[in-house]
Amino acid sequence: MSNSEKDWLLRTEGLCKSFAHEGNQNHVLDRIDMSLYAGDFTVVMGSSGSGKSTLLYCLSGMDRPTSGKVFYRTEKKPETELTALKEKELAAFRVYEFGFIFQKVHLVGNLTLWENVLVPGYLHSGRSAAEVKAYAGKLLADMGIAEAKDRLPSQVSGGEAQRAAIARAVINSPGILFADEPTGALNRRSTEEVLDLLSALNQAGQTVLMVTHDVRAALRANRILYLEDGNIGGELSLSPYLQEERPLCDRETQIHAWLSSMHW
């Protein structure tokens, strides 16, 4: 299915982000027009310092663009201009509609994994406490860390902590799951485990936007955007990732060839 036939969830118009440095304006994002589509696993790549994380933060409402607009919609909600919302409105919107995973897990250190997942679930007014607990338990089991649920983040491995962070990110069934280098601090085994979970979520219908510099992570995408000079310099469409495709030599070769054409 081509992008023109898909339902967009989020789109931008002339998105710009600039930072002042020694009297000069550094244009990190420069009039970006783009869309994210329902059910896609989209990856953003680019050279170091190209603004990948800045783009993710502006799309998700964690940072304000200098100019331009960001719109979001679902089947149940009319088009909402995120860039027009006040800070309190935007914070509430993120709780209900977006999930976030980072390179650093940002779990609350004095809460157990179980409690870290429960807290954002309790913020969702549409569920009872019992429903939140039941869903949190299911998520921790799905993530393979049910036995570690009563441990503190400091008492589990980096991979287990990141899996708990994924459970926390999806407890409110977000429209879009944003992931900023989610495997950047993990070893190879934990990286594959986390990527497998993200792929499984996507195959179940979760829309994912991930920033990464790792081709192994990019293999999971069905769409890759290349950020260059503050704008989208190229786009690669791929077939949906399937676990049974391994080894993924052809897919990896295709991505490497495309990145080479982007002068990556």
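Predicted model: local features only at pLDDT ≥ 70, side-chain atom pairs only at ≥ 80, totals over all residues.

Trainee: Start with the strands. Which strands does β1 pair with, and how do they run?

Mentor: Look at the bridges between strands. Leucine 10 has leucine 36 in β3 as its bridge partner. Five bridges tie β1 to β5, residues 67-72, again antiparallel. There, threonine 12 is opposite valine 70. Six bridges join β1 to β2, residues 24-32, also antiparallel. In that pairing, alanine 20 faces glutamine 25.

Trainee: How many residues lie between β1 and β2 in their hairpin?

Mentor: Two residues lie between the strands. Check glutamate 22 in this hairpin: its phi is positive, near 50 degrees.

Trainee: Now the rings. How do I describe an aromatic pair?

Mentor: Give the distance of the centres and the angle of the planes. This structure holds eight aromatic pairs. Take tyrosine 72 and phenylalanine 98: their ring centres are 5.1 Å apart and their planes stand at 85 degrees, so the pair is edge-to-face. The pair links distant parts of the chain, with tyrosine 72 in β5 and phenylalanine 98 in β7, 26 residues apart. Both residues are buried.

Trainee: What about phenylalanine 100 and phenylalanine 178: what kind of pair do they form?

Mentor: A stacked one, with 5.7 Å from centre to centre and 15 degrees between the planes. Phenylalanine 100 is in β7 and phenylalanine 178 is in β8, 78 residues apart. Both are buried. Ring pairs also build a cluster from Tyr72, Phe93, Phe98, Phe100, Phe102 and Phe178.

Trainee: Which charged ends sit over rings?

Mentor: Arginine 11 has its charged end over the ring of phenylalanine 71, 4.3 Å from the ring centre. Lysine 149 has its charged end over the ring of tryptophan 114, 4.8 Å from the centre.

Trainee: Last topic. How do I find empty space?

Mentor: Rolling a probe the size of a water molecule over the atoms shows where empty space is left. Here the count is one cavity of 30 Å³ or more. The largest cavity holds about 50 Å³. Its lining includes Cys58, Leu59, Val70 and Leu90. By class, that lining has six nonpolar, two polar and two charged residues.

Trainee: And what is the volume of the largest pocket?

Mentor: About 420 Å³. Its lining has 19 residues, and Leu9, Tyr72, Thr74, Glu75 and Gly175 lie nearest the centre. By class, six are nonpolar, seven polar and six charged.

Notes:
Residues numbered from 1 in each chain as written. Heavy atoms only, no water. 1 Å grid on protein atoms, 1.4 Å probe; cavity = no way out; pocket = protein on both sides within 12 Å on 5 of 7 lines; lining within 4 Å. Points joined across faces, edges and corners; volume = space filled by probe spheres on them. Nonpolar A, V, L, I, M, F, W, Y, C, P; charged D, E, K, R; others polar. Pairing = 2+ DSSP bridges. Helix = DSSP H or I, 4+ residues; strand = E, 2+ residues; numbered from the N terminus. Phe/Tyr/Trp six-rings, centres within 6.5 Å; stacked < 30°, edge-to-face > 60°. Buried < 20%, exposed > 50% of the residue type's maximum accessible area, 1.4 Å probe, protein only. Lys NZ or Arg CZ within 6 Å of the ring centre and 35° of its normal.
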